[in-house]
Structure formats: structure tokens, C-alpha cells
Amino acid sequence: MLNVAAIGAALAAIFSDYPAFLGRGGVVEAYTDRGPIVELIVRCPVGTGIISYSKIERRYCSSKHTCYASLKPAVRKTCS
């Protein structure tokens, strides 16, 4: 019973949002806040990609393991 409570408490800190649900023109389709890291699902010309954002380092990292100070180059690298 204690394990279930611990898992519930750990998952309570995770927050997800879907900004593209209402605004179809955005680059970010969804994001999940996991504490110090935010996972972003971004729209690519063909499909989608995943980018992570470090709140501590303030860097966007593409799925190809390169990090940038802004979102646009990380999206370009992920979608290329």
C-alpha cells in the first residue's frame, strides 16, 4: 500500500499541456513538465519530434543530442 502512495506522489508532480489542441499554427504540440526537464513534442514538416528543455541550464536539446539557447535551432535540428 505504501508503494502505491509513493508512486502517486511522484506522478503528481508531472504536468502535461496540449497548446496545439486549440491553436493549430503553433510549433509545440504538447509538453510534459517533469520537474527540472520539460519534454516538448514539436511539429515537423513530416511528423513530430521530441525536444527536451532543461530549466536549470536553460537549454533546448534536440533528439540528435545537440543543445541550443533557443527553440528554433533545436526544432530545425530535430526535424532535419
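Helix 2 (residues 71–79) has four buried residues, Pro73, Ala74, Val75 and Thr78. Buried here means under 20% relative accessible area, while exposed means over 50% and partly exposed lies in between (1.4 Å probe, protein chains only). The cover over these buried residues includes strand 3, strand 4, strand 5 and strand 6. The model is a predicted one, in which local features need pLDDT of at least 70 and side-chain atom pairs count only at pLDDT 80 or more, while totals for chains, interfaces and linings use all residues. Residues are numbered from 1 along each chain as its sequence is written, and side-chain values use heavy atoms, with hydrogens and water left out.

The overall layout comes next. The protein has 2 helices and 6 strands. Both kinds of element are DSSP runs numbered from the N terminus: helices are H or I with at least four residues, and strands are E with at least two. Along the sequence the order is α-β-β-β-β-β-β-α. Of the 80 residues in the protein, 24% are buried. Among contacts between residues at least 6 apart in sequence, 10% join residues at least 24 apart; a contact means heavy atoms within 4.5 Å.

Which cysteine is joined to Cys79 by a disulfide? The partner is Cys44, with an S to S distance of 1.9 Å. Cys44 lies in the loop between strand 3 and strand 4 and Cys79 lies in helix 2, so this pair ties together parts that are 35 residues apart in sequence. The torsion about the S-S bond of Cys44 and Cys79 is about -70°, so the disulfide is left-handed. Cys44 is buried at 11% relative accessibility, whereas Cys79 is partly exposed at 26%.

The structure holds 2 disulfides, a disulfide being a pair of cysteine sulfur atoms within 2.5 Å. A bond of this kind is covalent and runs between the sulfur atoms of two cysteines. Cys61 and Cys67 form a disulfide with their sulfur atoms 2.0 Å apart. The link of Cys61 and Cys67 is right-handed, with 100° about the S-S bond. Cys61 counts as buried at 16% relative accessibility, and Cys67 as partly exposed at 32%. With bonded cysteines counted along the chain, the disulfides follow the pattern 1-4, 2-3.

Thr66 lies in the loop between strand 5 (59–61) and strand 6 (67–68). Its relative accessible area is 25%, so Thr66 is partly exposed. Leaving aside residues up to four places away in sequence, Thr66 touches Tyr60, Cys61 and Lys77. The C-alpha atoms of Thr66 and Thr78 are separated by 9.2 Å, and these two residues are 12 apart along the chain.

Tyr60 also takes part in a ring pair with Tyr53. A search of the whole structure finds 1 aromatic pair. The ring centres of Tyr53 and Tyr60 are 4.6 Å apart and the planes are at 40°, so the pair is tilted. Rings of Phe, Tyr and Trp (its six-membered ring) pair if their centres lie within 6.5 Å; planes under 30 degrees apart count as stacked, over 60 as edge-to-face and the rest as tilted.

Side chains of opposite charge can pair when their charged atoms come close. How many salt bridges does a search of the whole structure find? It finds 3, where a salt bridge is a side-chain nitrogen of Lys or Arg within 4 Å of a carboxyl oxygen of Asp or Glu. In one of them, Arg43 pairs with Glu29, the closest N and O atoms being 3.2 Å apart. Arg43 lies in strand 3 (residues 37–43) and Glu29 in strand 2 (residues 28–33), so the pair ties together parts that are 14 residues apart in sequence. Arg43 is partly exposed at 28% relative accessibility, and Glu29 is partly exposed at 24%.

Asp33 and Lys55 also meet through their side chains in a salt bridge (2.9 Å, N to O). Asp33 lies in strand 2 and Lys55 in the loop between strand 4 (48–54) and strand 5, so this pair ties together parts that are 22 residues apart in sequence. Arg34 forms a salt bridge with Glu39, the closest N and O atoms being 3.2 Å apart. Arg34 is partly exposed at 42% relative accessible area, and Glu39 is partly exposed at 32%.
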